[in-house]
Amino acid sequence: MKVLVLNGPNLHLLGQREPSIYGYETLADIETLVERVADDLGVTIECRQSNHEGELVEWIGDARADCDGIVINPAAYTHTSVAIRDAVAASGLPVVELHISNVSARESFRRTSFIAPVCLGMLSGFGVRGYEWAVRALVEHLRRTSKGKTV
Ligand code: DQA
């Protein structure tokens, strides 16, 4: 079973970027965390980050071929991107949307997600630990529904 973990714009700056909101852990720390969870669950993880909407759209489209599900932090594109929403819907894969901060408790424009309505579920506000729970929730869903391409 293979899970794609996608991170959107500015998340390469984690650790330096507004640490009072996003903390001091880096993207590399998140990748180490999800690799450890993947080992624990016996699944394969691929992590990617892009600042470009089109690249994220292409990776979501490509995931149909060899991934069983996606965890995505679309970052600012959450609140703007019909293209990413359509890519998620077209993928037919279970997708978990994830945010480090609690987007509901911040500026009003962050309360709208274009992506969440086409996702399996959404996690927000649990810091970087949310990535672990998002992967666990997705794998649990795939195993329960036997939707994994391979077990
Ligand atoms: C974020 C929340 C978004 O509103 C913001 O644009 C981000 C990060 C989060 O993880 O909390 O870049 O997705």
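Modeller: A residue is buried when its relative accessible area is under 20%, exposed when over 50%, and partly exposed in between. This model is predicted.

Colleague: Why does glutamate 132 count as buried?

Modeller: Its relative accessibility is 8%. The limit for buried is under 20%. So glutamate 132 counts as buried.

Colleague: What makes glutamate 132 and arginine 129 a salt bridge?

Modeller: Their closest N and O atoms are 3.2 Å apart. The cut-off is within 4 Å, so the pair qualifies. Both residues lie in helix α5, three residues apart, about one turn of the helix.

Colleague: Why is arginine 129 called partly exposed?

Modeller: Arginine 129 has a relative accessible area of 40%.

Colleague: How many salt bridges does a search of the whole structure find?

Modeller: It finds nine. Aspartate 66 with lysine 2 is one of them, with the closest N and O atoms 3.1 Å apart. Aspartate 66 sits in helix α3 and lysine 2 in strand β1, so the pair ties together parts 64 residues apart in sequence.

Colleague: What makes aspartate 40 and arginine 136 a salt bridge?

Modeller: The closest N and O atoms are 2.9 Å apart. The limit is within 4 Å, so the pair passes. The pair links distant parts of the chain: aspartate 40 is in helix α2 (residues 27–41), arginine 136 in helix α5 (residues 129–144), 96 residues apart.

Colleague: Why does aspartate 40 count as exposed?

Modeller: Its relative accessibility is 53%. Exposed requires over 50%, so the label holds. Arginine 136 has a relative accessible area of 28%, so it is partly exposed.

Colleague: How do you know that the span of helix α3 agrees with its number of residues?

Modeller: Helix α3 has 14 residues, 53–66. At 1.5 Å a residue, they should span 20 Å. The end C-alpha atoms are 21 Å apart, which agrees.

Colleague: Which residues of α3 are buried?

Modeller: Leu56, Trp59, Ile60 and Ala63 are buried. They cover an arc of only 100 degrees around the axis, so they lie on the same side of α3. β1 (2–7), β2 (44–49), β3 (69–73) and α4 (82–91) are among the elements that cover them.

Colleague: Which exposed residues does the face turned away carry?

Modeller: That face of α3 carries Glu58, Asp62, Arg64 and Ala65.

Colleague: What is the closest cysteine sulfur to that of cysteine 119?

Modeller: It is the sulfur of cysteine 67, at 15 Å, too far for a bond. Cysteine 119 has 13% relative accessibility, so it counts as buried.

How values were computed
Residues are numbered from 1 along each chain as its sequence is written. This is a predicted model: local features need pLDDT of at least 70, side-chain atom pairs count only at pLDDT 80 or more; totals for chains, interfaces and linings use all residues. Side-chain values use heavy atoms; hydrogens and water are left out. Helices (H or I, at least four residues) and strands (E, at least two) are DSSP runs, numbered from the N terminus. The expected span of a helix is 1.5 Å times one less than its number of residues. Buried means under 20% relative accessible area, exposed over 50%, partly exposed in between (1.4 Å probe, protein chains only). The arc is that of the directions from the helix axis to the C-beta atoms. Contact means heavy atoms within 4.5 Å. A salt bridge is a side-chain nitrogen of Lys or Arg within 4 Å of a carboxyl oxygen of Asp or Glu. A disulfide is a pair of cysteine sulfur atoms within 2.5 Å.
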